[in-house]
Amino acid sequence: MKIIKVRTKKHMKAFLRLPQKLFGDNPCYVPPLWADEKYAYTAKNNPILKNSSFDLFLLLDNNGQSAGRIIAYIDNTFNRHCNAKTGFFGSFECIDDCEAAALLLSTAESWLSARGMDKVRGPINPVAENWGFLLKGYGQPPVYLAPWNPEYYHVFLMAIIKQKTFSRTKPISMADMIFRRVSKDSRSVFISAIQTYS
């Protein structure tokens with residue numbers, strides 16, 4: 001497996017269509033509006049990314065096929081307002097492979113760390129504007145502005161945190177690791193990991 005930065009139209013199409021490729025047969029998966037999605041990951045068309053530094057990463061399997069994706073971004077408006085050095089990741093999608101998930105997350109973390117960020121928060125999708133991973137309710141369609149993902153995302157995140165493989169260069173401070181929020185109807189619970197460097 002290897003990670004590449006999205007730089008070509010072919011790779012951008014693979015990045016955009018990966019969720020459909022992975023979950024298109026699942027009745028709970030709701031695709032985006034493709035006409036909007038095509039331009040949503042550009043600074044020109046996205047108000048969050050307009051004021052952010054960002055890179056899109058695509059994970060390719062050993063056959064060169066797309067197997068995962070992630071965006072790493074620095075929201076300069078947020079950091080100025082909060083007097084912070086916080087980086088974000090989002091648009092995380094991945095095959096059922098913990099090594100692949102760890103590679104995506106560590107790539108985003110390394111990219112952010114190299115640009116001076118001392119915290120990483122996510123997943124926060126700067127396009128769909130939803131936060132976290134689904135913890136319960138995998139068999140139900142997502143509620144408005146909420147993510148849907150397979151159960152293995154949660155398994156991966158907990159395994160990566162437990163093994164401390166999410167941070168290759170600095171230890172994880174577990175104190176600030178997790179916060180939860182519950183949807184209004186309490187059908188779905190979401191998780192968002194906050195990593196703070198010690």
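I began with the largest pocket and noted that β4 contributes the most to its lining, with 4 residues. Helices (H or I, at least four residues) and strands (E, at least two) are DSSP runs numbered from the N terminus. I record that the model is predicted, that local features need pLDDT of at least 70 and side-chain atom pairs pLDDT 80 or more, and that totals for chains, interfaces and linings use all residues. Residues are numbered from 1 along each chain as its sequence is written, and side-chain values use heavy atoms, without hydrogens and water.

I looked up the volume of the largest pocket and found about 760 Å³. Of its 34 lining residues, Val-30, Asn-125, Ala-128, Asn-130 and Ala-146 are the closest to the centre. A pocket is an open set of points on a 1 Å grid over the protein atoms alone, where a 1.4 Å probe fits, with protein on both sides within 12 Å along at least five of seven lines; lining residues have an atom within 4 Å of a point. Grid points are joined across faces, edges and corners, and a volume is the space filled by probe spheres set on the points. I noted α1 (9-23), α2 (34-40) and β4 (86-94) as each supplying at least two lining residues.

I then turned to the second largest pocket, of about 260 Å³. I listed its lining as Lys-9, Met-12, Lys-13, Leu-16, Arg-17, Trp-34, Glu-37, Lys-38, Tyr-39 and Thr-42. The elements giving two or more of these residues are α1 and α2, and α1 has the largest share, 5 residues.

Lastly, I placed Leu-145 in the loop between β6 (133-134) and α6 (151-163). I found its C-alpha atom 8.2 Å from that of Trp-131, 14 residues apart along the chain.
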